[in-house]
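My notes follow the order in which I checked them.

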Amino acid sequence: MVEVTVTPQSSLADRPVQIRVRGLSPSQLVTLRAWLKDEQGECFQSCAFFRADGAGEVDPGLHAALGGSYSGVWPMGLLWFLQPDKLFRRLVKRDVAGSPFRVRLEVLDGLSLGTDPREQPLASCEAERWYVGPGVQRVPIREGRVRGALFLPP
């Protein structure tokens, strides 16, 4: 049974996570896809092609991506290379304190660019990427022409 995990499942957006896939056949060719919807409902996604090792595992921190949104060894590549489905969109988190980005990770058999909505993943999981840690207080700043926010630790 194929399983994809993200450790830790919930983390700050600037912290690394470990993505692992287990339960594949040795040397199986798979596509790892990450996608999320931003606060306006726009979809951002990335994908990378991998060949499982002899134990039937894929670890983007150890195994090189063979292509897709990036190639080579990039432990966080699936999160760093998220691209909008529509041109001229930017991934921006406006409500930094209220909710995380929920990133969906999927494992697809073979090479897939994710254009077929009927395609069923072999396995999937969800990761939360927070922009403000627990207990941090956000104070809006408005002084003359200066606008900003002050983040105070607990």
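The entries below come from a predicted model.

**Entry 1, T31.** I located T31 in strand β4, which covers residues 29-37. Is T31 buried or exposed? I found its relative accessibility to be 0%; buried means under 20%, so T31 counts as buried. Its side chain reaches the backbone oxygen of G110 at 2.7 Å. I then listed contacts of T31, leaving aside neighbours within four places in sequence: C47, A48, F49, E106, V107, L108, G110, L111 and S112.

**Entry 2, strand β5.** I followed β4 to its partner β5, with which it pairs in the antiparallel sense over 9 bridges. The two strands form a hairpin with 5 residues between them, and G41 in the turn has a positive phi of about 85°. Across this pairing, L36 stands opposite F44. I noted two further antiparallel pairings of β5. With β7 (residues 83-84) there are 2 bridges, and Q45 stands opposite Q83. With β6 (residues 67-68) there are also 2 bridges, and F49 stands opposite G67. Why is β5 largely enclosed by the rest of the structure? I put this down to burial, because 7 of the 9 residues of β5 (residues 43-51) are buried.

I read a volume of about 200 Å³ for the largest pocket. Its lining includes L36, W80, F101 and R129. I saw that α1 (77-80) and β8 (101-109) each supply at least two lining residues. By class, I recorded 10 nonpolar, no polar and 1 charged residues in the lining.

Key. Residues are numbered from 1 along each chain as its sequence is written. This is a predicted model: local features need pLDDT of at least 70, side-chain atom pairs count only at pLDDT 80 or more; totals for chains, interfaces and linings use all residues. Side-chain values use heavy atoms; hydrogens and water are left out. Helices (H or I, at least four residues) and strands (E, at least two) are DSSP runs, numbered from the N terminus. Buried means under 20% relative accessible area, exposed over 50%, partly exposed in between (1.4 Å probe, protein chains only). A polar contact is a pair of N or O atoms within 3.5 Å; within protein, one must be able to donate a hydrogen and the other to accept it, and residues adjacent in sequence count only if both atoms are side-chain atoms. Contact means heavy atoms within 4.5 Å. On a 1 Å grid over the protein atoms alone, a cavity is a set of points where a 1.4 Å probe fits but cannot get out, and a pocket is an open set with protein on both sides within 12 Å along at least five of seven lines; lining residues have an atom within 4 Å of a point. Grid points are joined across faces, edges and corners, and a volume is the space filled by probe spheres set on the points. Ala, Val, Leu, Ile, Met, Phe, Trp, Tyr, Cys and Pro count as nonpolar, Asp, Glu, Lys and Arg as charged, and the others, Gly among them, as polar. Two strands pair if DSSP finds at least two bridges between them.
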